[in-house]
Amino acid sequence: MSPSKHPITAGWLAGTFEIVFTYPLEFVKTQLQLQQRASTMYAGSSSGGYTGAMQCFTRTVSERGVLGLYRGGSAWVIFAGPRSAVRFSVFQQLSASAHSRGHTGSGADTVCGFFAGMAEAGLCQTPNQAIAIKMVHDQAPSGPKRFTSLAHAVRVIHAEDGVWKGFFCGLTPAVAKGAVTNCVRFFGFGAITRTMLARLPPDQHALRPWQTMLAGGVAGSVSAVISQPIDTVKANMMGLEAARFDSSLGCLRELVRAGGVRCLFNGVGPRAARVFVEVGLQFTMFDLIGRKLDSLFL
């Protein structure tokens, strides 16, 4: 990944651009993750759940229109810029420090990505997803359907649960997932792009946008599959039934006891697809926007 003199702005713009296109897949993934046998809301419902990703997609559009797929997306749009800005700026600062000490290659990318992921999850991702997941859960077939807008959801969550339990529930799995995914993504992206660069023809000195997108997409998809169990625990710790679980480990035990290990991979298909596009776009847009900003503001 090419260093940028404006990592915060480039990351902010890249993250905002990406989420507008990929949020419907995030919505479908979250609905499937929350549809658990351990859930009293789902188990006691007579309205029927979703049978799969495509049925969730078509049913949502049929019942609430295309905008129904963007339920909770406003929280993602607001936080998408800060999330990417924190991720890329922290990674770039750590990478620069590591390189100045002679630490380069995949090992340095892995460590820097790990800490960049922790920073992103702790500062931005947890409150973002705590709001969004509750809004998605609210619109599930068996959900109460009481949130009328993002502002209304924030007011209700704050009034009922306070700041810590309302907006930082699931912090532990969120930080763990952020660290794991970014560790894998930056390691994978760095390894793939270095391999591509070594095989470029003599007249080509940089990767083309489609090559950057492919490298980011593959690294992202791998990270999604590896971290899916953590993401599922995180989603349930942030949902409307979060109070039922005494801890992340307790949530994991209840989910597996009721639905087996397989339930931890609910929604992995749409998540892998979304993350392929998400990471591919973000790495590509970060490079393109960063270069443009550097040329405009020397």
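## Overall dimensions

The chain has a radius of gyration of 19 Å, which agrees with the value near 19 Å for a compact globule because the chain has 298 residues. This radius is taken over C-alpha atoms, and the globule rule is 2.2 Å times the number of residues to the power 0.38. Along its principal axes, the C-alpha trace spans about 65 × 35 × 35 Å.

The model is a predicted one: local features need pLDDT of at least 70, side-chain atom pairs count only at pLDDT 80 or more, and totals for chains, interfaces and linings use all residues. Residues are numbered from 1 along each chain as its sequence is written, and side-chain values use heavy atoms, with hydrogens and water left out.

## Helices and contacts

The chain contains 10 helices and 0 strands. Helices (H or I, at least four residues) and strands (E, at least two) are DSSP runs, numbered from the N terminus. Among contacts (heavy atoms within 4.5 Å) between residues at least 6 apart in sequence, 79% join residues at least 24 apart.

## Burial and nonpolar cores

Of the 298 residues, 52% count as buried. Buried means under 20% relative accessible area, exposed over 50%, and partly exposed in between (1.4 Å probe, protein chains only).

The largest nonpolar core has 24 residues, and Phe283 and Ile289 have the most contacts inside it. At least two residues of this core come from each of H1 (7-34), H4 (73-100), H5 (106-138), H7 (171-198), H8 (209-238) and H10 (268-296). H10 provides the largest share, 8 residues. Another core, of 21 residues, lies apart from this one and includes Trp76, Ala80, Ala153 and Phe167. A nonpolar core is a set of buried Ala, Val, Leu, Ile, Met, Phe, Trp, Tyr and Cys residues joined through side-chain atoms within 4.5 Å.

## Two selected residues

Glu26 is placed in helix H1. Glu26 is buried, because its relative accessible area is 5%. Beyond its neighbours within four places in sequence, Glu26 is in contact with Trp76 and Arg274. Trp76 is also among the residues of the 21-residue core.

Lys145 lies in the loop between H5 and helix H6 (150-167). With a relative accessibility of 40%, Lys145 counts as partly exposed. The phi of Lys145 is near 55 degrees, a positive value in a residue other than glycine. Most residues other than glycine have a negative phi.
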